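Please examine the sequence and the three-dimensional structure shown below. The paragraphs that follow lead through selected features in turn.

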Amino acid sequence: MSFAQRLSRAVSAHGPLCVGIDPHPGLLDAWGLPRDVSGLERFALTCVEAFGGHVALVKPQAAFFEAYGSKGVAVLESVLEGLRDSGTLTLVDAKRGDIGSTMAAYAAAYLSDGSPLAGDAVTLSPYLGFGSLDPALEAARASGRGVFVLARTSNPEGASVQCAEVPSGGSVGQSVVDEAARRNAGAEPLGDVGLVVGATLAELDLDLSDLHGYVLAPGFGAQGATVADLRRLFGDDLPGVLPTSSRDVLKHGPDSALLRSAARRVGDSLAM
């Protein structure tokens, strides 16, 4: 079964919300946890207990684990294992992007069977050229995994690159959309090449009509995006859109039951 097929089933069962696991130092403080590997582990595994089996997709932010070195990466591996055991799909938010053998090594780490860092999908950066991602796309296809490629991010600096015009016409961001659409053509129900499009954008500036894939929409909740913003950007039906919430849910820790209830409330708000 492809990643998109598994994700479609998960969304049907739990709704489209993607919950982030972001062990930010400020959140460790708020939970009364030390800013060390023991605090990181307690935070992360509490999230696994809270969300495993209850949401469609969980997105651990790799940087917050890497900040603690090899022991932090080991915690990330435990998070992925725990969520996999619960039957919950995972998206490793690592935003990798490189060329040649280096990209192939990233693909082996995050998209290959047997790798302890492999989730069900990974975020990628295409700004060394979309074709540079081919080793990752090939690895994802071979292992039944997915990728989410940065197309239009909500940080102000992103526009200088993503809205720049390419020689053939249109924006760089639209060229990323078009390349993803080409690779998704003919897949059912959707393709395994998703995009990342910020939910806090003032306007979309992209034509997603031919994407035939999922769109991860970070920024929902604490970063300011509302259900009205999602509908304004992506349309009333929100087909294939996965709103992402992290701090809005994580602020309810460290009680796992309260975290789970918060995720349910945020997820329910998407159906209104």
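Two rings of Phe, Tyr or Trp count as an aromatic pair if their centres lie within 6.5 Å. In this predicted model, a search of the whole structure finds 2 aromatic pairs. One of them brings together phenylalanine 3 and phenylalanine 148, whose ring centres are 6.1 Å apart and whose planes stand at 90°; the pair is therefore edge-to-face, since planes over 60 degrees apart are classed in that way. Phenylalanine 3 belongs to helix α1 (residues 3–14) and phenylalanine 148 to strand β5 (residues 146–152), so their pairing ties together parts that are 145 residues apart in sequence. Both phenylalanine 3 and phenylalanine 148 are buried.

Charged residues provide a second kind of pairing. Side chains of opposite charge can pair when their charged atoms come close. The structure holds 12 salt bridges. In one of these, arginine 96 is joined to glutamate 66, with 2.7 Å between the closest N and O atoms.

Another salt bridge is found within a single helix. Arginine 232 and aspartate 229 meet at a distance of 3.1 Å, N to O. Both residues lie in helix α10 (residues 227–234), where they are 3 residues apart, about one turn of the helix. Aspartate 229 is buried, with a relative accessible area of 19%, while arginine 232 is partly exposed at 44%. A further salt bridge links aspartate 248 with lysine 251 at 3.6 Å, N to O. Here aspartate 248 is partly exposed, with 23% relative accessibility, and lysine 251 is exposed, with a relative accessible area of 52%. Salt bridges also link Asp134, Glu179, Arg182 and Arg183 in a network.

Which residue carries the UniProt feature "active site"? The unreviewed UniProt entry places this feature at Lys95. Lysine 95 is found in strand β3 and is partly exposed, with a relative accessible area of 40%. Leaving aside residues up to four places away in sequence, lysine 95 touches Gln61, Thr123, Leu124, Ser125 and Leu150. The side chain of lysine 95 also makes a polar contact of 2.8 Å with the side chain of aspartate 93.

The backbone deserves attention as well. Most residues other than glycine have a negative phi, and most peptide bonds are trans. Lysine 95, however, has a positive phi near 50°. Aspartate 205, which is not a glycine either, has a positive phi of about 60°. Aspartate 205 is placed in the loop between β6 and β7 (213–218), and at 42% relative accessibility it counts as partly exposed.

Finally, where do cis peptide bonds occur? One joins glutamate 188 and proline 189, with omega about 0°. Proline 189 lies in the loop between α9 (172–184) and β6 (191–197). The peptide bond from glycine 253 to proline 254 is also cis, with omega near 10°. Proline 254 is located in the loop between α11 (247–250) and α12 (256–269).

Definitions and conventions:
Residues numbered from 1 in each chain as written. Predicted model: local features only at pLDDT ≥ 70, side-chain atom pairs only at ≥ 80, totals over all residues. Heavy atoms only, no water. Salt bridge = Lys/Arg side-chain N within 4 Å of Asp/Glu carboxyl O. Helix = DSSP H or I, 4+ residues; strand = E, 2+ residues; numbered from the N terminus. Buried < 20%, exposed > 50% of the residue type's maximum accessible area, 1.4 Å probe, protein only. Phe/Tyr/Trp six-rings, centres within 6.5 Å; stacked < 30°, edge-to-face > 60°. UniProt positions renumbered as here; feature names shortened; annotations may be inferred. Contact = heavy atoms within 4.5 Å. Polar contact = N/O pair within 3.5 Å; in protein donor to acceptor, adjacent residues only side chain to side chain.
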